[in-house]
Amino acid sequence: NQRYASYICCMKGEWMKHRFSGGALALDLVNTVVRRGDASRVLDRLASAADANLFAEAAVEFRTDELARVFEFTPISDLELGKLLELRERIYAYVVLDQENDAARLLALSQLLGASERALADCRPNSLLVQTVFSWMRRNAREKRARMRACPACGWIFLDKSRNASR
């Protein structure tokens, strides 16, 4: 289908403000996987270091609340891309797991902290990796884990800022 193919092309190459609606850079990073719940249509918008660099440029523009002192990111390498993708998947796993299962929660948190430690090793302060780890730490310090939600329709992760946390 030609229409579907052009939609994928547009989704892959352009970063618009609505792609940064997770409420934090770390959650926006998780949302770079589109249609996560549909294996036949899933799309990873960070398939290369070049894709990650475009995401970083857009983040500076659209995440001014978090990145006010970051004017540009240092370009991401292929090695850093691997760390970034691991961090993204660990954040996702932590957010969507069953909060009643203490053993699973502890394991997911341990894996997330390990990915954060690997992400910070040998990185430059203005790297997307470092800023994502900082974003995750700030968000967890300020927001209760219970306010993080996954949209049942699209799978995107976001902070529920509604009064009674019922979004």
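## A tour of the salt bridges

Select Asp28 and Arg63: they form a salt bridge, with the closest N and O atoms 2.5 Å apart. Asp28 sits in helix 2, while Arg63 sits in the loop between helix 3 (49-62) and helix 4 (78-96), so this pair ties together parts that are 35 residues apart in sequence. Keep in mind that this is a predicted model.

Side chains of opposite charge can pair when their charged atoms come close.

Stay on Asp28. Helix 2 covers residues 25-30. Is Asp28 buried or exposed? Its relative accessible area is 0%, so Asp28 is buried, since the cut-off is under 20%. Arg63 is buried too. Now show the contacts of Asp28. Leaving out residues up to four places away in sequence, Asp28 touches Arg19, Phe20, Ser21, Gly22, Gly23, Phe55 and Arg63.

Next, select Arg36 and Glu89. They form a salt bridge, and their closest N and O atoms are 2.7 Å apart. Arg36 lies in the loop between strand 1 (33-34) and strand 2 (43-44), and Glu89 lies in helix 4, so the pair ties together parts that are 53 residues apart in sequence. Arg36 counts as buried, at 18% relative accessibility. Glu89 is partly exposed, at 31%.

Arg88 counts as buried, at 4% relative accessibility. Salt bridges with shared partners join Arg36, Asp44, Arg88 and Glu89 into one network.

Last stop: the whole model. How many salt bridges does the structure hold? There are 5.

Definitions and conventions: Residues numbered from 1 in each chain as written. Predicted model: local features only at pLDDT ≥ 70, side-chain atom pairs only at ≥ 80, totals over all residues. Heavy atoms only, no water. Helix = DSSP H or I, 4+ residues; strand = E, 2+ residues; numbered from the N terminus. Buried < 20%, exposed > 50% of the residue type's maximum accessible area, 1.4 Å probe, protein only. Contact = heavy atoms within 4.5 Å. Salt bridge = Lys/Arg side-chain N within 4 Å of Asp/Glu carboxyl O.
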